[in-house]
Amino acid sequence: MPDVNRERAAGGWTRVVTARPRLTLLLALLFTALAVVAGSGVADRLASGGWEAPDSQSSYATKALERYFPNSQPNLILLVNSQGVGVDEPGVAAEGRALAHRLGADKAITGVTSYWDTSTPALRAEDGGEAMIAARIGGSDDAITKALDRIAPEFRGKHGPVEVKIGGLAEVRSEMQSTIKEDLARAELIALPVTLVLLVMVFGSAVAALLPLGVGIVAILGTNAVLRGITSFADVSIFAQNLTTALGLGLAIDYALFIVRRFREELAAGAEPRQAVAITLRTAGRTVLFSALTVAASLAAMFLFPQYFLRSFAYAGIAVVLLAAAAALVILPAALVLLGHRVNALDLRKLLRRRQPNPEAEGGYGRLARLVMRRAPFFALGTVAVLVLLGLPFLRVQFGTADDRQLPATAQAHVVQQHIRDEFPGNPGGEITVLAEGNPTASQLADYSSRLSALPGVVSVDGPAGQFADGKRTAAPGPAEAARSSDGAAYLTVLPKGEAVDASSQALVGGIRAVDPPFRASVTGTAAVLVDTKHVIAERLPWAAGMIAAVTLLLVFLLTGSVVIPLQAVLLNALSLTAMFGAVVWVFQDGHLSGLLGFNATGSIETTLPVLMFCVAFGLSMDYGVFLLSRIKEEYDRTGDHRAAVVFGVRRTGGLITAAAVILAVVMVAIGTSRIANTKMLGLGIALAVLMDAMVVRTLLVPAVMRLTGRATWWAPRGLRALHDRFGLSEGGGTAEVPRRETERDPEPVSSA
C-alpha cells in the first residue's frame, strides 16, 4: 500500500508539472523577471567582513573601544610621502597638519591622529621619508563605504610638496568589494560560453544544451533576489555571490543533465514525450530531489557557526540549491513536454560521426568497472593510499586571518599596508589591545601594566598617543600609561615580539587573559581575534560534521534501504576531499605556484575557509554519489544481481558524472581566476575536489569497495527495512521494469592483483 501511495504522489506531481506546460513556462518567465528586479543592486548591499565570532571577547572589546575611544581603532590611513625631502621639513609638516585638520573636519570622521600633531615614532617611517595620518570613519558598513567614496578622491594624489595614498581597513574592504564585482562579471563571461560548448559536446543537440543553462540562470537570478531580501535583516558577505554563480550553474547543469539524459533514453526506448517525462520524474526526478537535500544539508551546517561569513554561504547555497532543483523539476519538464523529440534538434555532432552511439554498449566505463571489480583489493587500497598521501600537507596547516594580502599586489590598499609593514617601526597591525572597564585607578593600571610587561614575549606595554575620548583629544600618555575615557574606561597596548598572528602572539593572548586584574579586562587585536575564531570553530565543528553525517546517513538510507551504503558514502566522500585540503596548504599556504596563479602567499590559511570548502565540496561529492547509487539501486531492484548492478550504474552514469564534474570544474576555475586570494582558493580547491571525486572515487574506489562488501552492501536490520519500505523513496518505473529475483547469482571471483 505505501508503494501505491508513493506512485500516486509521483503521478500527481507529474500531472501538476506537465498538465499546462505553457502556463508553467509563463509563470517561470514572470518569476525570473521579478527576480531580476528584486535582486538588482544586491552586490552593493553585501559586506566584505564577517570572519570574527560576534560573541567573543575580542569582538566585544573591539566594539567597546569604538564607543569609548573612536580613534583607537582607525580604519582609514593616509600615507603621506614627502617626495624625498623628509617629513620634518617645515613645508611638509605644515601640509601634513593641514591634511589632518581637513580630514578631522569631515562629519563622518570620529577622530584623527597624525605624526605632525603627536610626534609618535610609530607614525613615521624609519627613513623619515613618509608619515601617517590615522583616522576613524564612524557608522555602519554602508555609511563607511559612502563616506570613503567621498573622502578618498579628495585626499588621494598630490597636495603641494606631498603625495598621499589611501590605506586602512575601510579602503581594503572597499577595494575588495569592487574587485570581487569585477572578477565575478569576468568569471561569468568565461564560464557561460565554455559551459555551452561543453554541453553541446555532451548532448550533441544545441537545443538540449541550452536547457541546463536556462535552469542555471533562473537559479542564480532567484538567489540574488533571496540574498537581497536577507540583507534587510542580516549581514551577508559579498563572497557569497561567487558561490551563487558557481553552484547556480554547476548544480543546475548537474540536475538538468540527469533529467534530460533520462528523458532522451525514454524517448529512444519508444515512450511518448509526456510518458517519458513521467518516467523521468519518477526516476531521475527523485534522484535530483535527494541530491538537492543532501547538498542543502551540508550547506545548512554552516548555520551552526556564528560568523556571518559562513552563514552567508548557507543563505546563498541553500537558496541556489533549492531553486536549481525546483527549476529542474518544474520548469525543465514543462519545456521537455513541449519540445518532445525536438530536444534532439540541431545535433551538431552529426558532422563528426557516422552513426548514433548505442546506449546499451559496454563502453569504457563498463569495462573499467569490470576491471576494478575483478581486482577490487588492489584498486581499493591503492586509491586510498594515494588520497591519503595527497592530503598529508594539511597536517601542517597554519591558520591566520584575512587582511590586505588577499588583494592583488598592485591594489593601492595592499601597497600601502605592505609599505607600512616594511618601512615603519614596531609591529604594525600586530598590537594586542587590552580594554579596562570598571573605573580602574591609576595605581591599579600601573600594577597591571607591570604584570603584563613581565609576560614572556612582551616588548612593551604602552598607552597610545593623541587619542580622542568623547570627541576631545586626550594628552599623549607615555609608557605604561593608559588612555582614559570619561566613562571610566581605559586601555593599554601590548606590543609582542612575534609577528601579528604567529604562535607566540597567540600564546601571549592566553597569557594576558590569565592575568587577573581588580577590574574587567577584555583583550582584542589581530592575534586575539584569531584565537577566538579558532576556539569557536573547534567548538562547533564536531556538531556541524555530526549534522552533515546524520542527515546524509538518513537520506542515503531512505534512497537505498541499506545501512552499509550510507556509511560507505560518508566515509568515501570525506576521503575524496583529502586532495583538496592537501593542495590548499601546499599551494596557498606554502606559496608553491603563487607566481603562476597570481596571489600573495601569507604562510597561513584563513580560519573559516576550510570549513566552507568542506561543507560545499562534501555536498557536491554527495551529489555525484546519489546519481551513481540511484542507478545501481534501480538495477539491483530490477535484477537482484549485485555485481551486474554496480557495473550497470558505473556504465550508465560514469560519462554523465564526468561531464557534469568537468563542467562544474570549469565554472569553479572561472571563479578561481579571481584576483582575491580566498576566492581563488575556494574556486580552484573545489574544482580539484569535484574532479577527484568524479574521476577517482566514483569510478575506482566506490565499485571496488562495493565489490568487497558484496551482497552485504544491501543489508539492513528487519526493522529498518520495514521503515524503508514504508517511508523510503527509490527509483522505479523505467521502461524495462521486471520483477527482482529472489536469489543472486554468485559473483565473479575477486583477484587481488
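Is Phe258 buried or exposed? Phe258 is buried, with a relative accessible area of 4%. Here buried means under 20% relative accessible area, exposed means over 50%, and partly exposed lies in between (1.4 Å probe, protein chains only).

This is a predicted model, in which local features need pLDDT of at least 70, side-chain atom pairs count only at pLDDT 80 or more, and totals for chains, interfaces and linings use all residues. Residues are numbered from 1 along each chain as its sequence is written, and side-chain values use heavy atoms, with hydrogens and water left out.

**Overall picture**

- The protein chain comes to 25 helices and 14 strands. Helices (H or I, at least four residues) and strands (E, at least two) are DSSP runs, numbered from the N terminus.
- Of the 753 residues in the protein chain, 57% are buried.
- Take the contacts between residues at least 6 apart in sequence: 81% of them join residues at least 24 apart. A contact means heavy atoms within 4.5 Å.

**Confidence**

- The mean pLDDT of the protein chain is 84, and 88% of its residues reach 70 or more. The pLDDT is the predictor's confidence in each residue, from 0 to 100.
- Residues 1–10 have pLDDT below 50, and this stretch has 15 contacts in the model beyond near neighbours in sequence.
- Residues 732–753 also stay under 50 in pLDDT. For them the model has 53 contacts beyond four places in sequence.

**Aromatic rings**

- A pair of aromatic rings is described by the distance of the centres and the angle of the planes.
- The whole structure holds 13 aromatic pairs. Rings of Phe, Tyr and Trp (its six-membered ring) pair if their centres lie within 6.5 Å; planes under 30 degrees apart count as stacked, over 60 as edge-to-face and the rest as tilted.
- Tyr115 and Trp116 make an edge-to-face pair, at 5.9 Å centre to centre with 75° between the planes. Tyr115 is buried at 9% relative accessible area, and Trp116 is buried at 7%.
- Phe258 and Phe627 are stacked, because their ring centres are 4.3 Å apart and their planes are at 5°.
- Phe258 belongs to helix 9 (residues 240–268) and Phe627 to helix 22 (residues 609–639), so this pair ties together parts that are 369 residues apart in sequence. Phe627 is buried, at 1% relative accessibility.
- Tyr68, Phe69 and Tyr491 form one aromatic cluster.
- Arg67 has its charged end over the ring of Tyr68, 5.6 Å from the ring centre. A charge sits over a ring if NZ of Lys or CZ of Arg is within 6 Å of the ring centre and within 35 degrees of the ring normal.

**Buried helix residues**

- Ser298 lies in helix 11 (residues 284–300). Ser298 is buried, with a relative accessible area of 1%.
- Leaving out residues up to four places away in sequence, Ser298 touches Ile548, Cys615, Phe618 and Gly619.
- Leu329 sits in helix 12 (residues 308–339). Leu329 is buried at 7% relative accessibility.
- Leu329 and Ile259 are 70 residues apart along the chain, and their C-alpha atoms are separated by 8.3 Å.

**Cavities**

- The structure holds three cavities of 30 Å³ or more. On a 1 Å grid over the protein atoms alone, a cavity is a set of points where a 1.4 Å probe fits but cannot get out; lining residues have an atom within 4 Å of a point.
- The largest cavity has about 60 Å³ of space. Grid points are joined across faces, edges and corners, and a volume is the space filled by probe spheres set on the points.
- The largest cavity is lined by Ile565, Gln568, Ala569, Leu572, Leu629, Arg698, Val702 and Met706.
- Helix 19 (564–576) and helix 24 (677–709) are the elements that give two or more residues to this lining. Helix 19 gives the most, with four residues.

**Loop residues with positive phi**

- Gln83 is not a glycine, yet its phi is positive, near 60°. Gln83 is in the loop between strand 1 (76–81) and helix 4 (90–104). Its relative accessibility is 41%, so Gln83 counts as partly exposed.
- Ser119, also not a glycine, has a positive phi of about 60°. Ser119 lies in the loop between helix 5 (115–118) and strand 3 (130–137). At 53% relative accessibility, Ser119 is exposed.

Notes
1 Å grid on protein atoms, 1.4 Å probe; cavity = no way out; pocket = protein on both sides within 12 Å on 5 of 7 lines; lining within 4 Å.
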